[in-house]
Amino acid sequence: MADKPIKETSPGGLAKYTPSVLSVISNSMDTRSVLDFTTGSGSKAKTIKHAIKKSGSNEKILQEYVKLAGSAGTDRQALKLELETTDGSVVLIGSLAKKYAKASKFNKGDVSEGILAAAITARFVNKNKPITQSDVISILKKLKPTGIKVNQTFDSLNSNPAVLDEVRVVISLAKNNMDALLNEQNYAGLKDLIASSAAYANGKDISSWSKLLYENNVRNEIEVTSDGLLDQRGTKVDLRVKVDGKLTNVSVSLKAGDVKQFGQVSGSKLENMASLFDPLGVRVETQKSKFNEFLNKGDTVKATSHIYNYVADWLAAKSSNNKKELIKNLSDFIVFHATRNEDNVTLVQLNRSQAKVYTFTNLEKVMQSIEPTVFIKNGYSDVAKAQVPTIVIADKSRTGKNELLTIRMKIDTRPDGFYHRNYIEKGALLGDLIAEYA
């Protein structure tokens with residue numbers, strides 16, 4: 001009986017199989033090993049066997065697969081991509097037998113922190129030239145962890161070859177994530193993150209430091225630290241760079257993939273709502289009486305929804321009578337939830353072999369160009385069996401992708417009732433205002 005093909009994966013469920021799918025296809029390309037593909041369906045399903053040809057065109061197809069498979073909106077397109085086989089025919093990636101698709105047993109976002117640390121280390125080891133994906137992988141292959149931590153040094157030449165800098169990389173990850181980071185079989189499935197990490201390391205922030213430290217002909221101690229086990233409640237920084245024990249301006253808050261979220265406050269108590277909205281300048285404590293009225297009836301959804309609607313009305317009023325103050329409030333809100341008001345924090349998004357860097361220093365200034373509008377968009381929660389609100393802030397002077405940010409509620413169930421998460425998510429307009437590709 002023929003195995004089911006991966007095209008029968010539920011929409012949105014393909015991304016977790018990407019590392020294993022890319023690994024098995026890449027191995028076939030390198031070794032000419034034969035893979036099972038399934039054609040037809042039901043009683044007419046049959047297995048055909050092919051080895052995948054090693055070629056530049058197939059490499060490009062796999063890169064496109066990574067891009068498309070990562071999003072629920074495009075993963076069906078990924079399944080329709082065709083690969084050339086060694087016998088000259090073509091097969092759909094979606095016809096690959098599902099037995100090869102193994103769900104990742106690691107957190108891709110956490111592993112990306114280790115990859116970026118390796119890429120920046122590679123750039124400091126090779127200070128006088130841009131790095132490639134191979135340079136990143138070379139560093140990864142040399143890492144030797146002690147338990148869940150890597151603490152390792154590399155030599156780095158100055159322009160005067162008699163002077164050697166020390167580059168130290170410190171990476172801490174949960175065991176499953178550390179194992180995934182150092183498992184060479186995963187690298188084919190992580191090509192997108194490796195490429196985008198190399199792109200960031202070749203960008204101006206790291207390159208300027210590399211140039212300075214290469215040309216100064218003084219021995220420096222460079223430390224790249226990514227501590228995925230650090231208590232993150234007080235900081236948004238996932239990776240830092242120090243030179244001679246002093247912090248540099250490289251402080252990265254990292255996101256991997258098509259992630260819009262840059263802030264989160266969990267809980268449905270009034271103090272949780274205050275933690276969420278205080279940076280916006282709204283004092284939700286004024287709604288305590290109405291909030292508690294809903295809580296006393298056991299309705300956390302209506303209680304929190306009331307706060308959302310109150311905040312949206314408050315912001316809408318500001319947009320009408322005090323745009324300058326509203327711009328400042330929105331800027332303060334974004335900066336707080338993105339950086340916790342720490343200096344020099346940039347948000348780096350690794351996606352589709354690129355690194356997109358968000359810099360918040362001049363946010364309030366560049367936001368002067370927008371005409372903010374605020375409204376509520378309700379959506380139905382299958383968990384709560386009720387409408388739940390999302391606050392949308394957009395620029396009414398623009399058409400198309402004009403959303404600056406959204407604040408939305410997500411409700412899950414727990415044995416003792418509903419559990420609320422409140423997400424702050426960036427819109428395309430925020431990227432247009434303050435982001436650039438490394």
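Partly exposed denotes a relative accessible area between the buried limit of under 20% and the exposed limit of over 50%. All views show a predicted model.

**View A. A salt bridge joins Lys 191 and Glu 59.** The N to O distance between the two side chains is 2.9 Å. Lys 191 belongs to helix H7 (residues 191-201) and Glu 59 to helix H2 (residues 56-69), so that distant parts of the chain, 132 residues apart, are linked. Glu 59 has 24% relative accessibility and therefore counts as partly exposed. Lys 191, at 25%, is likewise classed as partly exposed.

**View B. Asp 36 and Lys 99 form a salt bridge.** Their closest N and O atoms are 2.6 Å apart. The pair links distant parts of the chain, 63 residues apart: Asp 36 is in strand S1 (residues 35-39), and Lys 99 is in the loop between strand S4 (90-92) and helix H4 (108-125). Asp 36 is buried at 11% relative accessibility, whereas Lys 99 is partly exposed with a relative accessible area of 40%.

**View C. Glu 166 meets Arg 219 in a salt bridge.** The side chains approach to 4.0 Å, N to O. Because Glu 166 lies in strand S6 (residues 164-172) and Arg 219 in the loop between helix H8 (204-215) and strand S7 (221-227), the pair ties together parts that are 53 residues apart in sequence. Glu 166 is buried, with a relative accessible area of 18%; the value for Arg 219 is 46%, which is partly exposed.

**View D. Asp 36, Lys 49 and Lys 99 belong to one network.** These residues are joined by salt bridges that share partners. The count for the model comes to 24 salt bridges.

Note on methods:
Residues numbered from 1 in each chain as written. Predicted model: local features only at pLDDT ≥ 70, side-chain atom pairs only at ≥ 80, totals over all residues. Heavy atoms only, no water. Helix = DSSP H or I, 4+ residues; strand = E, 2+ residues; numbered from the N terminus. Buried < 20%, exposed > 50% of the residue type's maximum accessible area, 1.4 Å probe, protein only.
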